[in-house]
Amino acid sequence: MTLTVAHRGSLFHLLADPRFKEDCVEFIEDGLLTVSEGVIESMGPADQLLHQLPAGTKVIQHNDAVLVPGFFDLHVHSPQLTTVAIYGEQLLGWLNTIIPEEEAYKDPEIASKRADIFIKEALRNGTTTMAVYGSWAKESVDALFKKADSLNMRFVAGKVMADRNMPAGISLTSPEQDYEDCSSLIDAWHGKGRLSYAVTPRFAISCTREDMNVASRLMGEHDDIYFQTHLSENPKEIEFTLELFPECKSYLDVYDSFGLLGRRSIFGHCIHLEDEDFKRVEETGSVLCPNPPSNFFLGSGLFKFENAKNHNVHVALGTDFGAGNTLSMLSSMENAYKMAQLQGYSLSPWEAFYYATLGGAKALSVDDRVGNFLPGKEADFVVLDKKATPLIEWRMEHARTPADVMFVLMMLGDDRMVRSTYLAGNAVHHRDE
Ligand SMILES: [Zn+2]
């Protein structure tokens, strides 16, 4: 016998990319979301669905709350727990300070303990799907996959590849070792449950041509793995990259020259892209993943949301924790709004929530399974508390439209707003317990 559980509260989700389609938002003030065996059975107004429920169906009341699809954080570093909020540096100096801390993750016990803390913290923030950079040590990624699998979490991760230009105190790998480690992680975890592997060169600066060739080879050997790396974050980083690859016409062109652009490639930051780059990203269907909290923290610059829109480019959002000083995607949305404002572009709440939900799912090509509340999708969702703080409660009493409600959630929300987080219908975080 299958057991249906019904969740009652306000429901919000997107049905398409609001940059290109109007009327793609659904907000139901008193809604019902029914879930059976981890999958959404139905969603709609409570007054229409309640009387159709099988006798004895459990109804969970989420009073004063909005249920939204679980958040996607598509650029985040697990081994930076001990280095978040380090004062005073920009990218290259900051990396020299923080990277040596990742060495500890070769110890499976430390890796396991910290994977637990990292994933728990993400769930507390309402993130249900992540694309994660581990450390160079494959133990770091083993530990993450093990924890994510035990929670049935949708999870993408890879060990960082780096065979040159790393600070003292961190081990360099070799192309041979990177190939061997990545292959063994793919064999062990990729496709298991809701897990996927991502080939993850730290960035072009840290990889020789041989190591980049390993990345291409791995992408060629496996149809459905992902590729993730950093791109055009900081002017000094770009300058150094082009010194190392003088044959390439841009930073993006470095990855392009190794055949690493495409529908399964996610590029973090992408701040200083030129029009030519946007065109190439559009042609290849690659994904751009700005990380506003990090971009402000390191002073790296402003992602050009409007150019991305004009080029019809896939955009998802990340935190880039620990350069981002938060694991909250609400905070990332808030900072994305401010980032766009600085460029005279008003990012609507629909666009912001799209990047953190359905857009993330589209970026990973899993929008047939997650990203909104359509029946048949996996029930990953978050319960956002409209009374999380006295100020939010007061402001919500004066919110007049769904757009106003959602905008207040993203501008005033953080982990305190996340009352519960569900993965495939199972509660994995309750704030008040
Ligand atoms: Zn990063």
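Predicted model: local features only at pLDDT ≥ 70, side-chain atom pairs only at ≥ 80, totals over all residues.
Val383 has Ser420 of strand E15 as its bridge partner. Strand E14, spanning residues 381-385, and strand E15, spanning residues 418-423, run antiparallel and are joined by four bridges. In general, the strands of a sheet pair through backbone hydrogen bonds, in either a parallel or an antiparallel manner.

Stepping back, E14 and E15 belong to an open sheet of seven strands, arranged in the order E3-E2-E1-E4-E14-E15-E16 with mixed pairing. At its edges lie strand E3 (39-45) and strand E16 (426-430), each of which pairs on one side only. On average, neighbouring strands of the sheet are turned by 35° against each other, direction ignored.

Helix H13 (residues 349-356) touches strand E1 (4-14) and strand E2 (25-36), and the direction of H13 makes about 125° with that of E1. Helix H16 (residues 402-412) also packs on the sheet, where H16 is in contact with E1, E2, strand E4 (58-69) and E14. The direction of H16 makes about 80° with that of E4.

Another spot worth a visit is Glu103, found in the loop that links helix H2 (91-98) and helix H3 (108-124). Is Glu103 buried or exposed? Glu103 counts as buried because its relative accessibility is 13%, and the cut-off for buried is under 20%. Leaving aside residues up to four places away in sequence, Glu103 touches Trp136, Gly169, Ile170 and Ser171. Glu103 and Gln61 are 42 residues apart along the chain, and their C-alpha atoms are separated by 46 Å.

Note on methods
Residues numbered from 1 in each chain as written. Heavy atoms only, no water. Pairing = 2+ DSSP bridges. Helix = DSSP H or I, 4+ residues; strand = E, 2+ residues; numbered from the N terminus. Axes fitted to C-alpha atoms, helices over the stretch in contact; angles between N-to-C directions. Contact = heavy atoms within 4.5 Å. Buried < 20%, exposed > 50% of the residue type's maximum accessible area, 1.4 Å probe, protein only.
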